Amino acid sequence: MTAERKVSARQILSLRQDNTANQSPADESTFKLVIFTIQDDFFAITGTHIREILPYSVIHFVPGCPPALEGVINVRGDITSVIRLGSLLGLNKTPVTRHASILLGVGNHMISGLLVDRMVDVLDAPQSAVHLPAATLPDHLQTFVSGIFRYKNQAVTVLDLDLLFQEYCRGLG
Amino acid sequence: MAFAELSDSWLELVFFQVGGHSFALEADQVLSLQTLTETTQDLPDRKGTAPLSLVELLTLPSTDSYRTSTSRILEIKYQENSLLVTVEEPVVLRRCQSDTLHPFPEMVQCRLRQPAALALIILGEQLTTLLDLDKLMQERK
């Protein structure tokens, strides 16, 4: 049994200060990524741009909307649009399955649901793990891709939601 | 009226179907409802006036439900006169609480190609587009 030792408050504060100063500066900053699939491709959006992940629910069609806009949903009394993310990315439209999710995305000062095929993971990734997109990326994706990230041997394309929403408002999809 | 006072208010709407979708007009814009068998010839001031098709005015794709459902004619107040439009059953007059009326979300608003669409009405699982008849007719001109 170790003998207890009386210390002063000043000693404790001094020790705490030393401990903080000795901490390794190598604690790399991380950021949250929400990973999902559209068809067989893996995509991610930063956690700061995703307010909520909702299960697929009935989407009400609104006449007069562009093809990428699936319609609207009722989120606890708030009416929110739902965009088919694959359509904005130039991917073919596939039937919605029971695995589908709606991500409540915030970008370009607007909120919208994003229909994706399947949620995969939400994780903290170190900044250094996200690399610049390859120059070989298709032209239509170049604008919206902020980086490439590896997740379980899969290449994950990190999307810039601000730019996606901005281009949607200009006529994309 | 302050926004908070709206919680006790309501609006009266006429709901109908067009091209398989649910639409509504404010009830004070609707003067009468007729069946297609009551031809326009029966209306004293409407001799020879063909009713306008809302499917065409709203440029909606016609669906199977549109083809099979029963059509009705709404006589609608428009400026100093009235006009006749064909809609599909069921046609329902309903009093709705003001909190059932919602503006379009921003992402819908910025791309909506339906000038006559004014707002959304949510009643349980049913979603209805409230129409602004003046805008519809302005667009037609």
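**Close-up views of a predicted model**

**View 1. A hairpin in chain A.** β9(A) and β10(A) form a hairpin with two residues between them. In the turn, Lys152(A) has a positive phi of about 45 degrees. Strands here are DSSP runs of E, at least two residues, and helices are runs of H or I, at least four residues, numbered from the N terminus. β9 (residues 145-151) pairs with β10(A) in the antiparallel sense over six bridges; two strands pair if DSSP finds at least two bridges between them. Thr157(A) in β10(A) is the bridge partner of Ile148(A).

This is a predicted model: local features need pLDDT of at least 70, side-chain atom pairs count only at pLDDT 80 or more, and totals for chains, interfaces and linings use all residues. Residues are numbered from 1 along each chain as its sequence is written, while chains are lettered from A and ligands numbered from 1 in the order in which they are written.

**View 2. The other side of β10(A).** Strand β2 (residues 41-46) of chain A runs parallel to β10 (residues 154-159), joined by four bridges. Thr157(A) also stands opposite Phe43(A).

**View 3. The open sheet.** Five strands of chain A line up as β8-β1-β2-β10-β9, with mixed pairing. β8 (118-126) and β9 stand at the edges, each with a single partner strand, so one side of each lacks a neighbour in the sheet.

**View 4. An antiparallel pair.** β1 (residues 30-38) and β8 of chain A run antiparallel, joined by eight bridges. Lys32(A) stands opposite Asp124(A) in β8(A).
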